[in-house]
Each structure stands twice: as structure tokens, then as C-alpha cells.
Amino acid sequence: MFGVSSLVVVMGAFGLFVGTIVLAVKRFYKSMYCGEGYLTFTLPVTESAHILTKLFTAVIFELFTGIVVFFGITIFTFEDGYAKAINNIGEFFSEVYKYLGASLILYIIELILIALFVMAVNLLIFYLCITVGQLSNKSRVGMSVLVYFIHYVAVNFIGTIILSFIIAGLGDRFYEWLEWFVQVHPIAFLHILFGAGVIICALIGFIYFTVIRVITKKKLNLE
């Protein structure tokens, strides 16, 4: 019985996330590149403002969805209910704080930033595919799906090649130094790792955003 209940909760959480993303992507497409786009682009704001507003709204909805799912699963996990769940979470953070000290607050901030940037980048990928797909005069949705798969294959291929060159080029001495650094300065290493993650996500997001803005500004093709 517990197994069935767990499956229902997991499927519900997954469906909630997928539904939120689908709704955000659908609203972006309808309000930017369909009939609603004529009204959207009569507003006295720039293309960047349109894109950022929709991105910000979608990220907020995803964030609230994540919070609801987190607390829902947490409460479901603990048989004694909400109070027991909150108590266990408090004890967990208390133990972590004893080890990390004030760095825990910085870790939380960094993780929140990474989560926000990851959500934004994932949405921008869908926005980019839709933006390229709207250039087609026939099947816009079909073109968007095709662009998504091409993007997926290209990013994985290029990422694998770059990672292979990095691993091969750094050499054994670098890995020995990295192992020493992690052992001696574990807290600093995590800060550097999280900070690098934020910067990389921000750069990738900026590239996607710029491509979307340029295409929307110069190649807008409303239905």
C-alpha cells in the first residue's frame, strides 16, 4: 500500500512540474507569436522587457511549485505529519550549522541562485526553440520540436568534446592538487563550485536570451 501511495505522490509531483512548464511555454508562444502577439507588441516596451517579464513570471511559478512539492513530499514522508516534518528539518539544519557555521547561510543563498538560474535557463531553451520555430510558415510547433532535438544533440555532443579536452589537457598534477585542495579546504571548494555554477548558468542564459531577443526584434513572424 505504501508503495502505491509513494508512486502516486511521485507521479503527482512530476505532473505538477511538467504542467507548470507546459503552461509557461504555451503562454509564451501564444502571447508572443500568435494572434495575441499583435496586442503584446503594441505595448510601449522593448522586446527584452517582454521576454524578461514572461521569464520572471514562469520562474516564480516554478519556484512556488517546487516549494509545494517539497513540503508535500516531506509531510508525506514523516508519518507523524507536518509538525514532525518541520521538527526533523530543523534538527537537520541545526546539525549542519554546527559543522559549517555561518557558511551555511551562504551555501543556501548559492543553492537558491543556482536553482533560479537553472530554472531560467531551462525555460529559455524552450523559448529559444519556439522563437526559432515561429520563423516557419508551415508547422511552427513541429519546427520547434525539431529545433529542440537538434539543440539537445548539439549541446551534448559539444559538451562531451569540451569535457574530454579539459580532462585530457589538465594532467595528473592538476587532479592531485585538486584532491589536496578538497581535503584541506572543503568549504572553500564548495563555495567555488557553487559560484562557478552560478556564473556558467548566467552566461548560458544570457546567450539564449540574446538570441531570442534578436530574432524577435528582426524576424518576428506573427500568425
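Predicted model: local features only at pLDDT ≥ 70, side-chain atom pairs only at ≥ 80, totals over all residues.

Four aromatic pairs are counted across the structure. One of them joins Phe28 and Tyr127, whose rings are stacked with 3.8 Å from centre to centre and 5 degrees between the planes. Because Phe28 belongs to helix 1 (residues 2-33) and Tyr127 to helix 5 (residues 103-133), this pair ties together parts that are 99 residues apart in sequence. Both Phe28 and Tyr127 are buried. Phe126 and Tyr148 are likewise a stacked pair, with ring centres 5.5 Å apart and planes at 5 degrees, and they link Phe126 in helix 5 to Tyr148 in helix 6 across 22 residues. Phe28, Tyr33 and Tyr127 together make up one aromatic cluster.

The relative accessible areas of several side chains are set out below.

| Residue | Relative accessible area | Class |
|---|---|---|
| Phe126 | 28% | partly exposed |
| Arg27 | 39% | partly exposed |
| Glu36 | 37% | partly exposed |
| Phe157 | 54% | exposed |

Side chains of opposite charge can pair when their charged atoms come close. A search of the whole structure finds one salt bridge, and Arg27 and Glu36 meet in a salt bridge at 2.9 Å, N to O.

Phe157 is placed in helix 6 (residues 140-184). A nonpolar surface patch with about 960 Å² of accessible area together includes Phe157, Ile158, Phe165 and Tyr175 among its members.

Terms used:
Residues numbered from 1 in each chain as written. Heavy atoms only, no water. Patch = residues over 30% accessible without salt bridge, like charges linked within 9 Å, V, L, I, M, F, W, Y side chains within 5 Å. Areas by Shrake-Rupley, 256 points an atom, 1.4 Å probe, with all protein chains shown as cover. Salt bridge = Lys/Arg side-chain N within 4 Å of Asp/Glu carboxyl O. Helix = DSSP H or I, 4+ residues; strand = E, 2+ residues; numbered from the N terminus. Buried < 20%, exposed > 50% of the residue type's maximum accessible area, 1.4 Å probe, protein only. Phe/Tyr/Trp six-rings, centres within 6.5 Å; stacked < 30°, edge-to-face > 60°.
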